[in-house]
Amino acid sequence: MATDRTPLRGRDTELALLRARVTAAQRDGRGRVVVISGAAGTGKSRLLQEARALARDAGARIVAVSGDPDEHVIPHGPLLDAVQAGPHPVLPRALLDALPSGAQQGWWLRNELEARLQEVAVQQPVMVCVDDLQWCDHGTLRVLRTLPPRLAADAVVWVVAVRHGESDPAVSATVRALTEIGADRVDLQPLDGDAVAFLAGDLLGAPPDGSVLTSAARAGGHPLLLVELLRGWREERLVQVEGGRARLVGDVLPARLRDAVACRTERLSAPARELLQIGAVLGRQFPVDLLAAMLDRSPPALLAPLQEVLAAGLLEDAGDQLGFRHDLIRESVAAGIPADFARALRRHAVDVLLDRGAPTLQVATMLAGSAVPGDLAAVSMLRAAAATLAPSSSSAAAEFSVRALELLPDDSALRPEVVVESVMLLWQCGRAVDAQQLAATMLAGSPGGDPVAEARIRLGLARLVIRYSGGEAVRQCQTALALPGLPDAVRLEALLLLAVNHGMAGDPDAADVVLAEVREAGPFEPTPVQGSTMARVESYVAFHRQQWDVAFRRNADVGMLARSDDPSSPPGVWEAALWITVGHPVRALALIDPELTAARQQGQVGLLLLWSTMRCRALFDAGRLEEARAESEGVLDMEEIDSIGGLLDHLVFYTLVRWALYVGRPDVLRAHRTRVQQMTAAETGHVRRNGLWLTALMADSAGDVAAAMVAAAEAVATLERPGPSMAGVPDVADEVVLARIALRAGEREIALRAVAAAERRAATNPTRRMAAAAARHARGLLDADEACLREALDLMVGTERPLVRASALEDLARLVADRPREAVALLDEALETYTSTGAEHHAARVRRRLRDLGVRRQRIPLQRGSEQGLAMLTPAERDVVRLVAEGGTNREVAARLFLSPHTVNTHLRNAFTKLGVRSRVELARLVVATVVP
């Protein structure tokens, strides 16, 4: 008779694809992704087994991840099991223990795993096999969405198996993300007739005759059912081999198959059926003593029914636990239990587990599915589970919190508190739409209800969205304040939060009005936290009125009065924004970089993103263009919430568009044009004007000054008002640029207004050299005044805005064009700045102007080799390429060059695009064949 280890039949095409992907990764070092989908029992796990065998034959390192339906709330559970397996784990236990805990753990784990897989892939191919994706937790799913594109240039093959018809949005999103990056999709179909015949021959020990094939056709080509049918015939001696052919001697369904679909349960004793049903409730696997506790019997008393179920082939011994032979068996048994009874059993199982000392987290999933509305004990436990999971798995925490909310009675006093918790968790895990819908549903569901409860919900939502949408935050505060009968404490809280939001949204007049209302409400002795909040608002107001020294002083008071009650907005972030605006981006970086280092060391991903977002703009203003672009793309890669009107627009997308204008990348401008257009339609003024200003700059760069002036109309209209008129985080040189555009368009009156605005700001801030320099620069442009421009350049000596100074050099060169030698010297200095910062578009313009003066300054090639692509690399990209070609991983290169791995990754992607290569192996071959200095 045949053994259970049989060849894989009917999957030749799929095996050929897997073999090709492994071979290709081995040959050219590129990553591949294969997604295998199919119904339960169609052979996904067996195909993964063959994939691992192919990988082993190719000398690949294998990482086997397997989802578990009973452990999907354990953050990164399947992944952690896989990377710790074997004598030489991918990530040693000591390293995992050293990772920060809390919400940041997932981010650090992804980065550590990325670095380690890359290190291994440099030495040998890697295959990551993921079975039962539908049962992986949200942390593992995010890793699977994130790492394959990041490791596309490394010899890592990802083979992912998922069950058909999976409705979990996170699972669907993961499959969609893998498909979008070019994954091969394999949809396992029923076995054809030839495959069925071969498989029957394998299992029966001889080729089947017509009777066998006719009866086997009832399995519909379903591999699991077919195997169960054939093995059942063999075990029950329903097949005989005569004349070299296998034939049926009794065409009946074997007991084995009936077991697989839960038919055999009818033949069990009542105690055995009860045991099996309880087991289906407990999960895929379960310990015998838990089963005994559920049945309120001693373990010896279960011996007879347990032996009966084991003998029937429904359960099997899984070491220290019992387990169902296949998930289909468990599912079919569970399906035969009345829904209400099954729910009651699961709820009882929760109580048993808790009595036995099981932690709440262990039973949370079972509890969420078994509790009924009004179960306040379940509500309490689910909230506790959500609080436990929130730092490390906000997606699972959100699910438990929302379920707790569903279980609460409509009139429960806890509802506002749980709503706020759920909304915050939904936002934290990136489900912004769900968060808004939940809040809207809760608010709409109780018209005329408890105004205090509604106010709490709205203020919780306002605190959450302030970083992503200032307009929405303002609206929520205003709506809360309009509610009748609010206690003074709640009203004061709402007013202060509204003032903060107005200040952050660039509306100092509105913020002042709210603060006046706070002060005029009666005798008011603010608590330290309230005083800190008021100082914060006053700093915003002073800043938007261009009273910079006052803004700095009041911001310093924020931290002195009380620790911030909003950890997402530490005073240092606003101080960095102040330094950037007044023209000191290097000073801002000196503040930002230590905070970034601390955030990395402490594993505080939220703060890491916040500081990185601010760093994008500081790097750009400091003339470190490539680093600014890399930092911006790193933020976009990490940020989960992306809505119009927040810091991404004012700092990240602003930086990317301005970078593209300086370096001459129309493709990047096209990629972000839609985002800029969305900004121009925003309801919040400073967001809209930020988009309009970027639109004006793009039009001006394209030579369409008329369109530029149309886009700048709102900036012009607001020049005399407090608050941002152009960039959302103002640039001290904006008025100079506006004056230049207006003069080119023949709009001298508008240019005069821009100059006047710059001069008013300089007069208000006499100690700020860049304010004075910008004012003299603007005046020199307007009046074609050589002395003003020279004064501006003198003021800029030793300042931190090299690109702004280069533009002033160009403007002065135009005025002294009748003195060619002096003009050439000025243009040469500007050209050196543009070239050193990578501002190639502007450098090309200066070279044209030098040619008009009879001087040719050729662009210096970046290398002397023969490959045209290598000449296009920036110095930073060349450094990265050289070290990668020598075998360095992103982490090793980052350490050598004192960069972040995200920055290295960006430089590497840029180099791949310019060189037309797709992997490290191809890059190394190109570099070996070409001299790279």
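At what angle do helix H22 and helix H24 pack, and how far apart are their axes? Helix H22 (residues 451–465) and helix H24 (residues 488–504) pack at an angle of about 25 degrees, with 11 Å between their axes.

## The model and its terms

This is a predicted model, in which local features need pLDDT of at least 70 and side-chain atom pairs count only at pLDDT 80 or more, while totals for chains, interfaces and linings use all residues. Residues are numbered from 1 along each chain as its sequence is written, and side-chain values use heavy atoms, with hydrogens and water left out.

## The chain as a whole

The chain holds 47 helices and 10 strands, these elements being DSSP runs numbered from the N terminus (helices are H or I with at least four residues, strands are E with at least two). Of the 933 residues in the chain, 56% are buried, where buried means under 20% relative accessible area, exposed means over 50%, and partly exposed lies in between (1.4 Å probe, protein chains only).

The accessible surface of the chain comes to about 38600 Å², and carbon and sulfur atoms account for 53% of that surface; the areas come from the Shrake-Rupley method with a 1.4 Å probe. Among the contacts in the chain with a separation of 6 or more, 67% are between residues 24 or more positions apart, a contact meaning heavy atoms within 4.5 Å.

## Helices H22 and H24

The axes of the opening pair are lines fitted to C-alpha atoms, for helices over the stretch in contact, and angles run from 0 to 180 degrees between N-to-C directions. H22 and H24 are therefore roughly parallel to each other, since angles under 35 degrees count as roughly parallel, over 145 as roughly antiparallel, 65 to 115 as roughly perpendicular and the rest as oblique.

On the H22 side the contact is made by Val452, Ala455, Arg456, Leu459, Ala462 and Arg463, and on the H24 side by Val490, Glu493, Ala494, Leu497 and Asn501. These residues divide into 7 nonpolar, 1 polar and 3 charged, where Ala, Val, Leu, Ile, Met, Phe, Trp, Tyr, Cys and Pro count as nonpolar, Asp, Glu, Lys and Arg as charged, and the others, Gly among them, as polar.

## Helices H12 and H16

Helix H12 (residues 270–282) packs with helix H16 (residues 339–355) at an angle of about 70 degrees, and their axes are 9 Å apart. H12 and H16 are therefore roughly perpendicular to each other. Ile278, Val281 and Leu282 of H12 make the contact with Ala342, Leu345, Arg346 and Ala349 of H16, a set that divides into 6 nonpolar, no polar and 1 charged.

## Two buried residues

Leu238 lies in the loop between helix H10 (223–235) and strand E6 (239–242), and it counts as buried at 13% relative accessibility. Leu238 and Gly250 are 12 residues apart in sequence, and their C-alpha atoms are 5.4 Å apart in space.

Arg740 has its place in helix H37 (residues 734–744) and counts as buried at 15% relative accessibility. Leaving aside residues up to four places away in sequence, Arg740 touches His777, Leu781, Ser807 and Asp811.

## Two residues with positive phi

Most residues other than glycine have a negative phi. Asp132, in the loop between strand E3 (126–131) and helix H6 (138–150), has a positive phi near 55 degrees, and at 10% relative accessibility Asp132 counts as buried. Ala784, in the loop between helix H39 (769–783) and helix H40 (786–796), has a positive phi of about 50 degrees, and Ala784 is partly exposed, with a relative accessible area of 48%.
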